[in-house]
Amino acid sequence: MVVHEREPYNAEPPRTALAGHRVTPPDAFYSRNHGPIPEIDPAAWRLTVDGLVHNPLELSLEQLRDRFDDVEVTATLQCAGNRRAGLLEVRDIPGEEPWGPCATATGRWSGVRLADVLAHADLHSDAAHIAFAAPDVSPLPDPPEPYGGSIPAAKALSPEVLLAWAMNGEPLPRIHGAPLRVIVPGWIGARSVKWLSRVTAQAEPSANYFQATAYRVLPPEADPSRAGPGDGISLGPIALNCEILSPDDGAQVPPGPAQVTGYALAGDDRTVARIDVSVDGGRTWTQADLDAGDGPWAWQHWHTTVDLPPGDVEVTARAWDSTGALQPESPAHLWNPKGYINNSWARIHLNSA
Ligand code: MTE
Ligand code: MO
């Protein structure tokens, strides 16, 4: 793993570790943590469901398993800071991890539908947001605050949103949120709250620092250290994105036919429609083959064979979605003070001397 930070632990795999796996092996799954990993005794753990509900709940893991249907969803998580390194080449972003293109991964998640738990709790009609709380304390806001966030009730009631206790058919690893985490497919990873302790129905979005102040796109000239609750654009559904996984950036590849592979993901209610790949700086493009993918919430891998000219070659890839929208070409126009959502065209450099 490429470790960006040891305490708290933040790491992503090299590109080649993601290549070829539709479901990401746990040892290649990125870790994004804002504080120390909590140690939770699953037997003593309870999930509280409260707020604007007629029937507040206090559930053990066993009760969650017994009372609700088991479901499985294959879903890709993607950090809002994925590909920040491309924005850093435009302008410095102090204090944020320089994520490459692998702060994203796909898991086969099992658990129960959040919608089923909320139906049991019986939401008030004015419950417009569902907030999540966890016990891990991040040192970042001053004073420090435990991690949390929220999603609109309409998304929370969608069948793909899970409370998950297993990943890829194995018990959820502690670092990925055991005993229970939220999975919000199609939305930035930050909303998939790990080590979930409380679900609260409320009229307003969560006031937690990671919802109200962080994970927001500020205007280019804003000073992020002075940003307060409500400033900037709140991030929810993720943006259309793609990356090249193989060959690795900087690889030596002989001239001639070469296979290029990567991932693409459209987010929330769109799908990936086409991937174009260029080896001449975008003058001409070939269309890659898109794998079928594992349902509407998982990335799709793609591959194509290009004819590499000799010398230094830039390989570019770009995705179109089902609304006909194309990724933006350049990170220069996407730069924002916290370095979120770099979804500019993918570029790697090869030496095919
Ligand atoms: N949940 C808690 N409790 N604490 C965290 O720091 N990080 C979030 C989210 N859930 C976080 C959290 C962010 S920003 C992302 S991208 C995903 O978890 C990462 O999940 P992973 O570490 O399992 O890959
Ligand atoms: Mo994230």
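Predicted model: local features only at pLDDT ≥ 70, side-chain atom pairs only at ≥ 80, totals over all residues.
Biologist: Changing topic, in what order do the strands of the open sheet run?

Modeller: The sheet has 5 strands, arranged as β4-β3-β12-β7-β8, and their pairing is mixed. Its edges are formed by β4 (57–59) and β8 (145–152), each of which pairs on one side only, while the twist from one strand to the next averages 20°.

Biologist: In which sense do β7 and β8 pair?

Modeller: They pair in the antiparallel sense over 7 bridges, with β7 covering residues 129–138. To give you one position to look at, Ala-131 has Ser-150 in β8 as its bridge partner.

Biologist: What holds paired strands together in general?

Modeller: Strands of a sheet pair through hydrogen bonds of the backbone, in either a parallel or an antiparallel arrangement.

Biologist: OK, on to the ligand: which residues come nearest to ligand 1?

Modeller: There are 18 residues around ligand 1, and those that come nearest are His-34, Cys-79, Ala-134, Gly-189 and Lys-194.

Biologist: What classes of residue make up that shell around ligand 1?

Modeller: Sorted by class, the shell consists of 9 nonpolar, 6 polar and 3 charged residues.

Biologist: I was also looking at backbone angles; what is the phi of Asp-122?

Modeller: Asp-122 is not a glycine, yet its phi is positive, at about 65°. You will find Asp-122 in the loop that runs between α4 (114–121) and β7.

Biologist: Why does Asp-122 count as partly exposed?

Modeller: Asp-122 falls in that class because it has 14 C-beta neighbours inside 10 Å, and partly exposed lies between the limits of 12 or fewer for exposed and 20 or more for buried.

Biologist: What about Ile-341, is it buried or exposed?

Modeller: Ile-341 is buried, because 23 other C-beta atoms lie within 10 Å. Ile-341 also has a positive phi, of about 50°, although it is not a glycine, and its place is the loop between β21 (312–321) and β22 (346–351).

Conventions. Residues numbered from 1 in each chain as written. Chains lettered and ligands numbered in written order. Pairing = 2+ DSSP bridges. Helix = DSSP H or I, 4+ residues; strand = E, 2+ residues; numbered from the N terminus. Axes fitted to C-alpha atoms, helices over the stretch in contact; angles between N-to-C directions. Near = placed C-beta within 6 Å. Nonpolar A, V, L, I, M, F, W, Y, C, P; charged D, E, K, R; others polar.
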